[in-house]
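Here are my notes after going through the model, as numbered points you can check against the view.

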Amino acid sequence: MSKVAVPELTLNDGSAIPAIGFGTYKLNGSSGVEGMVSAIRNGYRLLDSAFDYENEGALGAAIRKAGVPRDDLTVASKLPGRHHHFDEAIATVEESLYRAQLDYYDLYLIHWPNPSKNLYSEAWSALVEARRRGLVRSIGVCNFLPEHLKRIIADSGVTPVVNQVELHPYFPQREQLAFDRSLGIVTEAWSPLGRANHLMKEPVIEKIAKRVERTTAQVILRWHVQLGSVSLPKAASSARQVENLSVFDFELSADDMAEIATLARPDGRTFDQDPARYEEF
């Protein structure tokens, strides 16, 4: 059934994660189910959801419909910032499971540290407990800066397996990537292709794409692979889903990587740490 074989990265708890996953944000209802079923049948084995995407039910339905064994999938969801108190966090993980009608999540993340509330270490302790109870198998975070990571590790003695952050050639996150790597944390990339298709039209990337006879999206996703980040592209069409996975049979040269590095820019970040912009999470 799988059209593309996706390599895996080993996490610091001994589990493994596919090198590319499928983002499910805004895939809701029956059309969302069909989009996720298509992705699974096209070879995606990592599906990234969130409590606040309001599509965990659709995710569970897609898993049951796709015809791929549950144990072959890495299913992820996220704890929203408004539920960081310990008991609330545990209840939210349980609710995530009820919504999806799953027995466990392979990966559960804190959606963002919500630093103004200063409860992210308590939330992390709740995820550690959820893992102990078997509700989740691996735990991680999203949008955590080095200072946040240092604190939760010092408080709990447990290091996240992943840190999901905005990452693309306009915003390459070199320092964050290096810091995550120093702790054995795999960096996942949300918005891996940037926003509003501006990145897809960059002459530098178009030139490389022409030379290697690939699409601009494939060049960007291959850039992620060679950085060691796990990208989470979204695509509704089956053809685009397959295209986004088909990046493991070519390589970018050192010169290509250096050229793409020139695209980094101060305004490259599209979604910063301003709490007002995280209200939905």
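1. Starting with E54: at 67% relative accessibility, E54 counts as exposed (the classes are buried for under 20% relative accessible area, exposed for over 50% and partly exposed in between, using a 1.4 Å probe and protein chains only). E54 belongs to the loop between strand 4 and helix 2. Its phi is near 55°, a positive value in a residue other than glycine. For context, most residues other than glycine have a negative phi.

2. Some housekeeping before the rest. This is a predicted model, with local features needing pLDDT of at least 70 and side-chain atom pairs counting only at pLDDT 80 or more, while totals for chains, interfaces and linings use all residues. Residues are numbered from 1 along each chain as its sequence is written, and side-chain values use heavy atoms, leaving out hydrogens and water. Helices (H or I, at least four residues) and strands (E, at least two) are DSSP runs, numbered from the N terminus.

3. What does the UniProt annotation "active site" cover? It covers Y53, according to the unreviewed entry; bear in mind that such annotations may be inferred rather than shown by experiment. Y53 sits in the loop between strand 4 (46–48) and helix 2 (56–66). Is Y53 buried or exposed? With a relative accessible area of 11%, Y53 is buried, whereas E54 is exposed.

4. Q101 is another one to look at for backbone geometry. Phi of Q101 is near 55°, again positive in a residue other than glycine. You'll find Q101 in the loop between helix 3 (86–100) and strand 6 (105–110). Q101 has a relative accessible area of 59%, so it is classed as exposed.

5. Now the helix pairs. Two packed helices are described by the angle between their axes and the distance between the axes. Helix 1 (residues 29–41) packs with helix 2 at an angle of about 45°, the axes being 8 Å apart (axes are lines fitted to C-alpha atoms, for helices over the stretch in contact, with angles running from 0 to 180 degrees between N-to-C directions). That makes helix 1 oblique to helix 2; angles under 35 degrees count as roughly parallel, over 145 as roughly antiparallel, 65 to 115 as roughly perpendicular and the rest as oblique. The crossing of helix 1 past helix 2 is right-handed, meaning that the near helix is turned clockwise from the far one by less than a right angle, with anticlockwise being left-handed.

6. Who meets whom there? G29, V33, E34, M36, V37, I40 and R41 from helix 1 meet A58, L59, A61, A62, I63, K65 and A66 from helix 2, where contact means heavy atoms within 4.5 Å. By class, this contact of helix 1 with helix 2 has 10 nonpolar, 1 polar and 3 charged residues (Ala, Val, Leu, Ile, Met, Phe, Trp, Tyr, Cys and Pro count as nonpolar, Asp, Glu, Lys and Arg as charged, and the others, Gly among them, as polar).

7. At what angle do helix 5 (residues 146–156) and helix 6 (residues 174–182) pack? About 20°, with their axes 10 Å apart. That makes helix 5 roughly parallel to helix 6. Helix 5 passes helix 6 in a right-handed crossing. P146, L149 and K150 in helix 5 meet Q176, F179 and D180 in helix 6, and the residues of this contact divide into 3 nonpolar, 1 polar and 2 charged.

8. Two buried helix residues are worth a click. A123 lies in helix 4 (residues 120–132) and counts as buried at 0% relative accessibility. Leaving aside neighbours within four places in sequence, A123 is in contact with L79, H84 and I110. A123 and E88 are 35 residues apart in sequence and 8.8 Å apart in space, C-alpha to C-alpha. L97, in helix 3, counts as buried at 6% relative accessibility. With neighbours within four places again set aside, L97 is in contact with L102, D103, Y104, Y105 and L135. The C-alpha atoms of L97 and V136, 39 residues apart along the chain, are separated by 9.4 Å.

9. A239 lies in helix 9 (residues 238–245) and is exposed, with a relative accessible area of 58%. S253 is in the loop between helix 9 and helix 10 (254–261) and is partly exposed at 30%. S253 and V242 are 11 residues apart in sequence and 23 Å apart in space, C-alpha to C-alpha.
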